[in-house]
Amino acid sequence: MAKSNYITRQGWLALGQELKFLWKEERPKVTQAVSDAAALGDRSENAEYIYGKRRLREIDRRVRFLSKRLEVLQIVDYSPKQEGKVFFGAWVELEDEEGEVKQYRLVGCDEFDPAKNWISIDSPVARALIGKGVDDEIHVETPSGKVVLYVNRIWYEK
């Protein structure tokens, strides 16, 4: 399944900050450390040199990924037309059949974070929620079987 190219404005800014940090701060520091380690002589057994070169490759790989990804991402800002329905960027309070209540935010695949209860717009729960309103019921197929969830509340950060 292809991942969507949607992202919140704060997610886009965070990726941009990461790119800037890696390119302007981290990479020059690591490059200097590799240069200093190379000046010490034998590179084949020089742990600082070997680690530094590996770290440079990681940084360059991430910089290339972020540069390409930021070009194709589409920022989705809040619109008053979204009120009352679940769309990208929404916070949703869901209740399961046992009465357990959880809150989730629908975000892009580049910014999902289980620790913050941010779920990807590409996830089965998020796809089932799109366009739903308060008191709607959704059915989601999970590895442990079908789950029924009820939408208690919807809100957006403006």
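1. A surface patch, as the word is used here, is made of residues with over 30% relative accessible area and no salt bridge, with like charges joined within 9 Å. With that in hand, welcome to this structure, which is a predicted model. One positive patch on its surface brings together Arg 43, Lys 53, Arg 54, Arg 57, Arg 61, Arg 64 and Lys 68.

2. Side chains of opposite charge can pair when their charged atoms come close. How many salt bridges does the structure hold? There are eight salt bridges. One of them joins the side chains of Arg 9 and Asp 77, with N to O at 2.7 Å. Arg 9 belongs to helix α1 and Asp 77 to the loop between β2 and β3, so this pair ties together parts that are 68 residues apart in sequence.

3. Arg 55 meets Glu 26 in a salt bridge whose closest N and O atoms are 3.4 Å apart. Because Arg 55 lies in helix α2 and Glu 26 in helix α1, the pair ties together parts that are 29 residues apart in sequence. Is Glu 26 buried or exposed? Glu 26 is buried, with a relative accessible area of 18%.

4. The other bridge pairs Asp 60 with Arg 27, and here the closest N and O atoms are 2.6 Å apart. Asp 60 is in helix α2 and Arg 27 in helix α1, so parts that are 33 residues apart in sequence are tied together. Asp 60 is partly exposed, its relative accessible area being 22%. Arg 27 counts as partly exposed too, at 23% relative accessibility. There is also a network: Glu 26, Arg 55 and Glu 58 are joined by salt bridges that share partners.

5. Staying with helix α1, which covers residues 9–38, please find Leu 19 there. How far apart are Leu 19 and Leu 70 in sequence and in space? They are separated by 51 residues in sequence, and their C-alpha atoms lie 9.5 Å apart in space. Leu 19 has 19% relative accessibility; buried means under 20%, so Leu 19 counts as buried.

6. Now for the aromatic side chains. A pair of aromatic rings is described by the distance of the centres and the angle of the planes. This structure holds three aromatic pairs. In one of them, the ring centres of Tyr 6 and Phe 88 are 6.0 Å apart and the planes stand at 55°, so the pair is tilted. Tyr 6 lies in strand β1 (residues 6–7) and Phe 88 in the loop between β2 (74–75) and β3 (91–96), so parts that are 82 residues apart in sequence are tied together. Tyr 6 is partly exposed, with 36% relative accessible area, whereas Phe 88 is buried, with 9%.

7. Another of these pairs is made by Tyr 78 and Tyr 156. Their ring centres are 5.5 Å apart and their planes are at 45°, so this pair is tilted. Tyr 78 comes from the loop between β2 and β3 and Tyr 156 from the segment after β7 (145–155), so the pair ties together parts that are 78 residues apart in sequence. Tyr 78 is partly exposed, with a relative accessible area of 27%. Tyr 156, at 7% relative accessibility, counts as buried.

8. Finally, two backbone details deserve a look. Most residues other than glycine have a negative phi, and most peptide bonds are trans. Asn 117 is not a glycine, yet its phi is positive, at about 65°. Asn 117 sits in the loop between β4 (101–107) and β5 (118–120), and it is partly exposed, with a relative accessible area of 35%.

9. Asp 135 is also a residue other than glycine with a positive phi, near 75°. Where does Asp 135 lie? Its place is in the loop between α3 (124–129) and β6 (137–142). At 66% relative accessibility, Asp 135 counts as exposed.

Methods:
Residues are numbered from 1 along each chain as its sequence is written. This is a predicted model: local features need pLDDT of at least 70, side-chain atom pairs count only at pLDDT 80 or more; totals for chains, interfaces and linings use all residues. Side-chain values use heavy atoms; hydrogens and water are left out. Patches are made of residues with over 30% relative accessible area and no salt bridge: like charges are joined within 9 Å, nonpolar side chains (Val, Leu, Ile, Met, Phe, Trp, Tyr) within 5 Å. Accessible areas come from the Shrake-Rupley method with a 1.4 Å probe; for residues, only the protein chains shown count as cover. A salt bridge is a side-chain nitrogen of Lys or Arg within 4 Å of a carboxyl oxygen of Asp or Glu. Lys and Arg count as positive and Asp and Glu as negative; His and the chain ends are not counted. The place of a charge is taken as NZ of Lys, CZ of Arg, CG of Asp or CD of Glu. Rings of Phe, Tyr and Trp (its six-membered ring) pair if their centres lie within 6.5 Å; planes under 30 degrees apart count as stacked, over 60 as edge-to-face and the rest as tilted. Helices (H or I, at least four residues) and strands (E, at least two) are DSSP runs, numbered from the N terminus. Buried means under 20% relative accessible area, exposed over 50%, partly exposed in between (1.4 Å probe, protein chains only).
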